[in-house]
Amino acid sequence: MSGANSTGLKRVMTGVPGLDTILGGGFLQGGVYIIQGTPGTGKTTLGNQIAFNHAAQGGQALYTTLLAEYHARMMQHLGSMSFFDAARIPDQISYLNGFGTLKSDGYPALRDLLRREVTRHKATILILDGFATAQRKASEEQDFNEFVHELQSIAIATDCTMFLLSSAMGVKETPEYTIVDGIVELSDRLLGWSSESTLQVVKLRGTSYLRGRHAFRITDDGLVVYPRIEASLARPSRLEPDAAETVRSGVDRLDAMMGGGVPAASTTMVMGPSGVGKTTLGLQFLSQCAADEPGLFFGFYETPARLRVKVDKVCPPLGTLLDSGAVEVLWQPPTDGLLDAYGERLLENVRRRGVRRLVIDGLGAFQSAAVEPVRLNQYLTALMNELRALGATTLYTLAVPDLTGPYIREPARDLTVPSDNLILMRYVEIGARLRRMISVLKVRNSDFDPSLYEYVTTGHGLQIEGTLAGADAALSGVPRREGGTRNQEPARRGG
Amino acid sequence: MATVLVVEDEFGIAELLDAVLTEEGYQVVTAMNGRDGLDLLARERPVLVLSDYMMPVMDGASLLARIRADPALQGIPVVMMSSMPEAAVAQRCAGYTAFLRKPFKLFELLDVVGRVLGKGDGQAP
């Protein structure tokens with residue numbers, strides 16, 4: 001329920017996934033906090049989630065409403081949420097209404113009511129839902145300021161942490177916002193046809209916190225907040241391992257091309273057009289996993305069932321590893337996804353299972369989920385740095401738009417994150433046939449073979465054959481025969 | 001005119017009960033907590049108490065216990081109202097005459113009132 005920071009102030013953890021990370025460990029015990037947001041943004045759900053989580057940790061919660069949802073209706077709405085536990089009412093969570101008192105007798109009476117009830121219930125947290133009602137009721141600003149100030153006195157005297165839920169979007173300079181110890185703002189904005197909910201800590205006294213907006217979703221488990229990866233992992237969670245060794249790629253010739261294999265705990269970008277074999281290469285990479293070297297396929301476009309068909313077709317050894325659990329598949333549809341939810345889900349699996357080999361199939365899905373494209377580069381940089389620090393050797397695929405042609409266009413500048421190794425896969429047109437070519441463009445701290453190799457896809461994955469000898473400008477996709485002109489003529493068979 | 005005491009801290013619900021029962025021919029008095037309810041009981045001598053379960057100052061269970069312990073009041077029927085299931089309420093308070101699970105429909109309210117007061121149609125005397 002609580003911990004302590006370096007100054008000895010105890011904390012009240014919310015138990016809301018992601019929120020305590022943003023708060024640097026939780027709210028400070030005995031503080032008064034405003035949680036504000038326009039109607040429908042999730043304040044009441046959040047308030048109840050905090051109350052029930054607090055009760056589950058042994059605390060006592062007092063939920064007081066002013067002009068807000070009726071308790072019966074609120075409980076109907078909350079009844080399906082996993083945190084809701086009716087057995088904790090009323091012994092650990094009491095629901096009271098203070099509007100009548102405020103309406104008939106004003107602030108002093110409401111203040112006295114709250115003080116008495118906090119004491120009577122030995123409440124360790126108080127939620128005051130409908131705080132905007134109190135703000136609107138204020139005919140004299142001074143009265144209201146005094147009310148908030150007195151609430152703070154009660155909080156300190158009783159060590160009760162108070163959360164004032166308000167639908168008014170306050171101005172930071174107003175006195176009540178100056179008085180309180182922290183402000184958390186929930187907001188919801190339309191983005192074309194979809195919407196995004198975000199949480200922002202506007203103010204928090206006595207502790208560091210993750211600034212800026214963080215996406216959240218309201219689920220059957222209540223609010224789930226996703227701290228921005230580039231904020232929460234501005235520095236990787238641990239030192240990057242000092243890895244000089246290499247790991248096998250799953251394609252022997254590719255290991256040779258890369259100077260002996262893929263550097264361990266590195267990131268490798270595999271670029272190429274759709275259908276060229278990037279996913280297949282990823283599957284072969286994962287086929288080198290073992291029980292003590294677990295792997296993860298983190299994909300967007302191929303469902304686990306479709307992927308399994310592909311595994312059986314082009315990389316059968318991986319099937320056994322999937323069956324044994326040494327390799328897991330995490331699939332998420334790329335529609336309506338949350339950028340930070342992707343990162344959270346990926347890192348959770350890598351940390352929990354100690355993943356050593358990771359394939360992220362379709363970096364473009366991150367771009368689709370990026371509401372603010374300007375974030376993407378920093379996000380991916382932080383994510384990749386963390387994966388290196390966790391010791392995962394990561395191979396990620398990136399689709400390029402052109403099947404063939406004289407130019408290799410970056411899909412988007414935001415996606416060109418610093419990558420340790422770079423592999424390019426392309427179609428080339430030779431003799432009126434599309435053939436496939438692979439080349440290594442970069443390997444971290446290693447010599448590598450920069451030649452262009454032709455490969456074919458077999459029942460055992462990619463099979464790299466010889467170099468594209470005899471063809472110049474193969475990277476253009478339309479090679480010329482050595483010493484000749486651009487090969488634009490169809491191949492002639494039989495003389 | 002028979003008097004009904006409504007003890008309810010949710011202002012909107014108290015007002016609604018007041019309006020509905022007044023239309024049904026009762027005189028209605030309201031209190032926002034059990035303690036104020038007890039004061040009104042002594043003065044108004046209602047034929048029925050409708051009490052919320054969770055309230056500030058004094059909750060419905062304490063109010064009920066005080067009513068049942070007072071020879072002058074113990075015969076007054078008490079309808080307990082709560083958004084909690086009756087089984088959970090019954091564990092903590094005994095002796096209520098009837099139970100109304102919130103949110104309830106108005107006909108359910110009138111049914112219970114009529115039944116408790118021995119009037120099938122819920123009409124006031």
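This is a predicted model: local features need pLDDT of at least 70, side-chain atom pairs count only at pLDDT 80 or more; totals for chains, interfaces and linings use all residues.
Figure 1. Strands (E, at least two residues) and helices (H or I, at least four residues) are DSSP runs numbered from the N terminus; two strands pair if DSSP finds at least two bridges between them. Residues are numbered from 1 along each chain as its sequence is written, chains are lettered from A and ligands numbered from 1 in the order in which they are written. Local features need pLDDT of at least 70 and side-chain atom pairs pLDDT 80 or more, whereas totals for chains, interfaces and linings use all residues.

**Figure 2. The open nine-stranded sheet of chain A**. The strand order is β17-β16-β18-β19-β15-β20-β21-β22-β23, with mixed pairing. Because β17 (327–331) and β23 (461–467) of chain A each have a single partner strand, one side of each lacks a neighbour in the sheet. Helix α11 (residues 304–314) of chain A lies across β16 (295–299), β17, β22 and β23 of chain A, at about 140° to β17(A). Axes are lines fitted to C-alpha atoms, for helices over the stretch in contact (C-beta atoms, placed from the backbone, within 7 Å), and angles run from 0 to 180 degrees between N-to-C directions.

**Figure 3. The contact between chains B and A**. Here 17 residues of chain B are in contact with 19 residues of chain A. Helix α1 (residues 11–23) of chain B supplies the largest share of the chain B side, four residues.

Note on methods
Two residues are in contact if their C-beta atoms, placed from the backbone, lie within 7 Å.
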